[in-house]
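Hi everyone, thanks for making the time today. Have a look at the structure on the screen, and I'll walk you through a few parts of it.

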Amino acid sequence: MKKIKFKCIFISNCLLLLLLLQSPISTGESTIEEQQVRIKASDFPNGFLFGASTSAYQIEGAVVEDGKSVSNWDIFCRTDDGTNGDVADDHYHRYMEDIEIMHSLGLTAYRFSISWSRILPRGRFGGVNQAAIIFYNSIIDNLVLRGIEPFVTIFHHEYPQELEDRFGGWLSPLMQEEFVHLAETCFKYFADRVKYWITINEPNLFSEMGYERATYPPARCSPPFGNCATGNSDSEPLIVAHNMLLGHAKAAKLYRDQFKSKVDGLMSIAVCAFMYTPMTDNVYDKEAAKRALAFNVAWTLDPLVYGDYPQEMKNYHGSELPSFSSEEKELLKDSIDFIGINHYGVLYAKDCVHSSCLCNDSSCTQGSDRPIRGFVYTTGERNGVPIGERTGMSRFFVVPSGMEDIVDYIKERYNNKTMFVTENGYSSPSDEDDIYEHDVKRIQYHQSYLAYLAQAIRKGADVRGYFIWSLMDNFEWSSGYAIKFGLYHIDRLTLNRIPKLSANWYRDFLGNSSIVVDADSFIAITYENKDLSRVQSH
């Protein structure tokens, strides 16, 4: 890949000039005018945190350096398509450059994760890797020095393969104790400077992808979800999520009992939070949309707020849904101080109890007529028409109003508990030029989603921060490097960080600019060997 150079010619008083582009994002669902979204950082409450997110395996690289062990993803990527995170973005060696990038953007917060296989290469079967402690201490110290609040995720999909080989990983209750040991190690070394902790990233998604659909390690499943060597898609995701929730609750208690006093820190979990809307106006589909939310969002959050699984799940599951003891319910209840929302889109929901459901488009998934899915068929299409503009991910559609809707749902269900949007981002289609053409859509995406978030806050939602996924293009799990969410492009040959237009936009937004991306804007961009001095709309 050739290194791309670009030069912006500024017009009027704008700090960032924007493209005379193809038609802006529109969804049919929205009431805010995406073509003329004027949103500024000052539209949010004082002290509101603006950041970006990453995760260890997706950016660090250094796969076996300085004592790191082989992880579940290291093994999985060698049995999949060969794409892997061996180098990723080489953040392990370039983290100071990346922190300077964050500082130059004006971020007030940065969310990153700890590599379990780096800090505890053998879990409880070995010692703490001091090289990893030095690495993460340096990241935290340099963030704090620059006024950037660290948000630390303890588990983000990656753990030592040895734990999988020894006892089956998250399918075993033993993993709860392994996780508590990991959390305690992090607290011991970092809790004096880290105030915001996210114990586990998306337990609902990890359970589904690893144990229902086999697109994440350990790649277990059963028909109709897939054809794997082993696994049970109808029950194993429930067991895995159960162990994760109890692991979180035990870690939260440990933190509150022994470490919270250091900086009066806060504990949370981040949930994958799609919004769902009825496929039709009939009562069954309306109930299906509610059920989809319960089987996805409330599956994780109800136990952590109220101490037990949502009634909607109990109504449809039999003995395969694990139960909590009375002691466990007390441990789980109110074990989070805030809710982390990872939101990427809206899907239609169709009832499969009173009608048949067949997956016949690229955005639906198999097994909708089974209890594990709540007998709900979810898709981004209706009569062949997408719910919003398509992105690089088959189930991620651009529906900005979904941000306000999911915040409102969580606000109402959980009595307006404090929220942070811990991930929100736009994946450009893999066959498009991400740096130029479709990065403008990334800017429009964030402007529109932020506008709806600001509207939810004005209506009373207690949201205190927003994190873009992601700071830079990275290893997007089973999608490899083809899917790009980043504000910065990574040249896969040189690993140079190249700012996209969206990086410039975010910097100016954080400086309280209200630049509008619309069809009246103009920019001249010169690429090496590619002159695009005048860009016409398509």
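Let's start with a torsion: the link of Cys352 and Cys357 is left-handed, with -110 degrees about the S-S bond. Before going on, a word on the model: it is predicted, so local features need pLDDT of at least 70 and side-chain atom pairs count only at pLDDT 80 or more, while totals for chains, interfaces and linings use all residues. Residues are numbered from 1 along each chain as its sequence is written, and side-chain values use heavy atoms, with hydrogens and water left out.

Back to the cysteines. How many disulfides does a search of the whole structure find? There are 3, where a disulfide is a pair of cysteine sulfur atoms within 2.5 Å. In Cys352 and Cys357 the sulfur atoms are 2.1 Å apart, and both residues are buried. Buried here means under 20% relative accessible area, exposed is over 50%, and partly exposed lies in between, with a 1.4 Å probe and protein chains only.

Cys221 and Cys228 form another disulfide, with their sulfur atoms 1.9 Å apart. The torsion about their S-S bond is about 100 degrees, so this disulfide is right-handed. Cys221 is buried at 3% relative accessible area, whereas Cys228 is partly exposed at 27%.

Then we have Cys359 and Cys364, with sulfur atoms 2.0 Å apart and 95 degrees about the S-S bond, a right-handed link. Cys359 is partly exposed at 27% relative accessibility, and Cys364 is buried at 9%. If you number the bonded cysteines in sequence order, the pairing reads 1-2, 3-4, 5-6.

Now the sheet. In which order do its strands run? The order is β6-β8-β9, in an open sheet of 3 strands with mixed pairing. Strands (E, at least two residues) and helices (H or I, at least four) are DSSP runs numbered from the N terminus, and two strands pair if DSSP finds at least two bridges between them. The edge strands are β6 (275-278) and β9 (376-379), each pairing on one side only. Strand β8, residues 346-351, pairs with β9 in the antiparallel sense over 4 bridges, and Ala349 stands opposite Thr378 in β9.

Last stop, helix α15, residues 501-510: 8 of its 10 residues are buried, so the helix is largely enclosed by the rest of the structure. Among the buried ones are Trp505, Tyr506 and Phe509. After α15 comes Asn512, whose phi is positive, near 75 degrees.
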